[in-house]
Amino acid sequence: MQTERESILTQKEKLFLLTKFVEDHPEAEIQDFYKWLYYGEFGMEESTLLMTGRQSIPELHVVLSEIKKEESETLESELIWEPMGLAARFVKVYVTKYYHTDCPVKRLVNLLERSPAFRGARMSFKLDWNLLKETVLELRPELSRRDFINFEERINFHQLPAMPYTDGYAVKNPFAYRVVSQKLFFDYFPEFEDNSVFHPFSGNESIIG
């Protein structure tokens with residue numbers, strides 16, 4: 001199984017994804033951009049284990065409880081999935097919307113368990129991080145290069161640690177989700193594949209491996 005490969009997105013497609021994320025999330029801070037890019041390259045499992053402290057609870061039970069909670073609060077994303085990061089490796093799947101589209105929760109958990117095989121490379125992440133920095137500095141003039149340097153120093157960036165979303169971002173984006181392999185997700189659910197989400201073109205050419 002292929003675990004490391006060059007991104008199949010062009011520079012123009014990456015800029016499209018990045019610009020859309022920055023413009024859609026004015027509440028995002030540098031840590032949130034980092035998290036979005038991190039999940040897109042490496043998937044979810046590391047930060048899930050580090051931050052939830054619930055490894056002993058079966059993931060299926062956790063997902064079902066999240067769905068039940070959101071149903072009780074009438075909370076549901078309009079989207080079933082959306083891209084994560086710039087590597088075209090992983091997608092963010094909103095669990096309640098997914099469930100209400102008659103998709104099996106056990107399948108989602110299985111995809112989550114299999115997704116670590118599709119983790120990307122540290123060098124690819126760092127190259128995309130440089131692109132992200134330059135783009136965000138153009139789109140968010142209130143942020144400075146020094147802000148990024150301070151962030152990198154604070155988290156020991158060279159170690160690429162898993163980080164949580166900031167509280168402000170989490171409040172604005174409250175829906176429960178899982179991050180799974182893009183390839184696996186569309187292999188099982190080809191009806192959800194929508195190339196227009198990844199790039200600004202209208203053609204039908206596939207950019208998904």
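1. Of the 209 residues in this predicted model, 48% count as buried. Buried means under 20% relative accessible area, exposed means over 50%, and partly exposed lies in between (1.4 Å probe, protein chains only). The protein exposes about 10,800 Å², and carbon and sulfur atoms supply 52% of that area. Accessible areas come from the Shrake-Rupley method with a 1.4 Å probe; for residues, only the protein chains shown count as cover.

2. Ground rules. Because this is a predicted model, local features need pLDDT of at least 70 and side-chain atom pairs count only at pLDDT 80 or more, while totals for chains, interfaces and linings use all residues. Residues are numbered from 1 along each chain as its sequence is written, and side-chain values use heavy atoms, with hydrogens and water left out.

3. Secondary structure. The protein has 10 helices and three strands. Both are DSSP runs numbered from the N terminus: helices are H or I with at least four residues, strands are E with at least two. From the N terminus the order is α-α-α-α-β-β-α-α-α-α-α-β-α. Contact means heavy atoms within 4.5 Å. Among contacts between residues at least 6 apart in sequence, 77% join residues at least 24 apart.

4. The core. A nonpolar core is a set of buried Ala, Val, Leu, Ile, Met, Phe, Trp, Tyr and Cys residues joined through side-chain atoms within 4.5 Å. The largest one holds 60 residues, and Tyr34, Phe125, Trp129, Leu132 and Phe185 touch the most other members. Helix α2 (residues 30-42) gives this core its largest share, eight residues. In soluble globular proteins, nonpolar side chains tend to be buried together.

5. Phe125. Which residues does Phe125 touch, not counting those up to four places away in sequence? They are Tyr34, Leu37, Tyr38, Glu41, Phe42, Phe157 and Leu160.

6. Helix α7. The 18 residues of α7 should span 26 Å at 1.5 Å a residue; the end C-alpha atoms are 25 Å apart, which agrees. The expected span is 1.5 Å times one less than the number of residues. Buried residues of α7 are Phe125, Asp128, Trp129, Leu131, Leu132, Lys133, Thr135, Val136 and Leu137. They pack against α1, α2 and α8.

7. Aromatic pairs. Rings of Phe, Tyr and Trp (its six-membered ring) pair if their centres lie within 6.5 Å; planes under 30 degrees apart count as stacked, over 60 as edge-to-face and the rest as tilted. The count comes to 25 aromatic pairs. Phe21 and Trp36 are stacked, because their ring centres are 4.4 Å apart and their planes are at 10°. This pair links distant parts of the chain: Phe21 sits in helix α1 (residues 11-24) and Trp36 in helix α2, 15 residues apart. Phe21 is buried at 8% relative accessible area. Trp36 is buried too, at 3%.

8. A tilted pair. Trp129 and Phe151 lie 6.1 Å centre to centre, with 40° between the planes. Trp129 is in helix α7 (residues 122-139) and Phe151 in helix α8 (residues 145-155), 22 residues apart. Both are buried. Ring pairs also link Tyr34, Tyr38, Phe42, Phe125, Trp129, Phe148, Phe151 and Phe157 into a cluster.

9. Charges over rings. The criterion is NZ of Lys or CZ of Arg within 6 Å of the ring centre and within 35 degrees of the ring normal. Lys35 lies over the face of Tyr165, at 5.3 Å from the ring centre. Lys92 lies over the face of Tyr177, at 4.5 Å.

10. Glu152. Beyond its neighbours within four places in sequence, Glu152 contacts Trp129, Lys133 and Phe157. Glu152 and Tyr34 are 118 residues apart in sequence, yet 9.8 Å apart in space, C-alpha to C-alpha.

11. Backbone check. Most residues other than glycine have a negative phi. Thr74 has a positive phi, near 45°. Thr74 is in the loop between α4 (59-72) and β1 (81-83), and is exposed at 73% relative accessible area. Asn156 also has a positive phi, of about 55°. Asn156 is in the loop between α8 and α9 (167-172), and is partly exposed at 38%.
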